[in-house]
Amino acid sequence: MAIQVLKPKFHVEECLEGVRECLEKGWTGMGFKTVEMEEEWKKYTGHKYAYYLNSNTVGLHLAVKILKMNNGWADGDEIISTPITFVSTNLAIAYENMKPVFADVDDYLCMDPVDVEKKITPKTKAVIFVGYGGRVGQLDKIIEICKKHNLKLILDAAHMSGTKVNGVCPGTWDGVDVTVYSFQAVKNLATGDSGMICWADEKSAEMTRMLAWCGINKDTYARSNKGTYAWKYDVDYIGYKYNGNAIMAAIALTQLKYLDEENARRRQIVNMYNEGFKNNPKIKIIPAPHADECSYHLYELIVPNREELLNKLSDDGINCGVHYRDNTEYSVFAFGDGQAPKAREVSQHLITMPLHMWLTDDDVKTIIEKVNQYV
Ligand SMILES: *Cc1c(COP(=O)(O)O)cnc(C)c1O
């Protein structure tokens with residue numbers, strides 16, 4: 001059977017037990033397991049606040065929206081972002097009628113702090129940093145820049161479930177205003193679709209609770225009126241239906257138990273790959289600061305003959321991928337064309353190697369052999 005590029009491993013029996021609990025209890029919507037997942041995630045990451053959502057995409061939208069509401073940002077104001085990311089990162093900016101400005105990338109394929117600083121204008125309000133492949137890149141320098149220029153910082157941590165630096169999740173660092181995780185079907189902590197938004201401040205966390213659930217403020221009546229008025233609530237905002245559900249949370253709770261163990265296996269595979277490719281002068285390996293604690297959602301290489309390599313490996317039953325196309329090549333972000341030349345160049349040579357729990361050491365050896373043969 002062909003080797004897939006990304007393939008989640010579900011702990012099926014244990015997941016089903018959690019799902020069964022939901023079904024037997026008759027509680028599959030918001031609450032119950034979603035609250036449990038929020039508590040477990042806070043314990044695991046050290047975040048003070050956590051709200052379980054139906055995806056990372058909606059979390060990024062809420063992050064931009066709430067910051068815009070609370071800080072008086074205007075339509076047309078700018079947020080500095082990366083062009084090499086899943087499109088959701090930049091859609092979140094566009095949802096709020098703001099403008100993504102694209103900074104170039106560094107050797108980690110994360111945003112280059114030098115270019116970020118160059119792209120700041122009087123309209124710049126925030127930076128969205130993507131921990132590409134789980135790498136923390138130069139997030140510390142980006143934090144300094146944001147503090148210096150009074151910019152808000154959103155961390156798109158879709159790839160970063162389990163990434164730590166000296167045992168600490170970077171999303172909890174001082175200076176990160178909000179961190180958004182993805183538990184989408186092929187991410188390190190896979191469910192069906194879901195995600196988590198973690199604010200550093202209580203006010204934004206409270207607003208998230210309401211905005212993610214149709215703007216409903218249940219507290220107003222719950223606080224003052226018990227009993228017969230339990231059904232009453234106010235609607236404070238024109239909110240959205242963005243909350244996660246107990247079925248997904250039941251799966252997430254199970255998968256979370258295995259996250260560290262699985263990320264350790266990812267690192268083992270990455271070490272094998274790095275060893276296997278380091279003597280090939282035509283292959284460029286992407287380094288990772290704090291490689292020992294990186295979640296390694298993706299393993300990418302920079303190669304001269306990307307398309308050819310993709311095809312040849314595919315003929316051998318090894319399916320690789322591309323993460324990601326430069327977003328300024330998409331029609332909706334074409335206005336950013338030319339803003340990040342290094343990102344454009346790199347994105348044309350990036351190839352994602354298989355990296356998941358189903359790979360055997362022999363699979364990895366075969367992949368290394370084939371790649372070195374074709375590049
Ligand atoms: C997967 C991904 C997203 C979107 O996550 P969903 O949970 O699918 O909405 C956002 N940003 C990056 C970098 C991603 O890889």
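Tutor: The centres of domain 1 and domain 2, taken over C-alpha atoms, are 26 Å apart. This is a predicted model, so local features need pLDDT of at least 70 and side-chain atom pairs count only at pLDDT 80 or more, while totals for chains, interfaces and linings use all residues. Residues are numbered from 1 along each chain as its sequence is written, and side-chain values use heavy atoms, with hydrogens and water left out.

Student: Which residues belong to domain 1 and domain 2?

Tutor: The bounds come from an automatic or database domain assignment. That puts 12-257 in domain 1 and 259-374 in domain 2.

Student: How much area do domain 1 and domain 2 bury between them?

Tutor: Buried area is the accessible area (1.4 Å probe) that two parts lose on being put together, summed over both. Here 56% of it lies on carbon and sulfur atoms. On the domain 1 side, F102, R135 and N188 supply 20% of the area buried against domain 2, more than any other three residues. The total comes to about 3,300 Å².

Student: How many salt bridges cross the interface of domain 1 and domain 2?

Tutor: The rule wants a side-chain nitrogen of Lys or Arg within 4 Å of a carboxyl oxygen of Asp or Glu. Searching the whole structure gives 24. Across the interface of domain 1 and domain 2, the count is three.

Student: Which element gives the largest share of the side of domain 1 that touches domain 2?

Tutor: Helices (H or I, at least four residues) and strands (E, at least two) are DSSP runs, numbered from the N terminus. α2 (33-45), α4 (88-95), β3 (99-102) and α9 (246-257) each supply at least two residues of that side. The largest share, four residues, comes from β3.

**Local features**

Student: How far apart are the closest N and O atoms of K342 and D107?

Tutor: Side chains of opposite charge can pair when their charged atoms come close. K342 and D107 form a salt bridge, and their closest N and O atoms are separated by 3.0 Å.

Student: Where is F32 found, and which residues does a cis peptide bond join?

Tutor: Most residues other than glycine have a negative phi, and most peptide bonds are trans. F32 is not a glycine, yet its phi is positive, about 55°, and F32 is found in the loop between α1 (12-25) and α2. Y324 is in the loop between α11 (306-315) and α12 (341-347). The cis bond, with omega about 0°, joins H323 and Y324.
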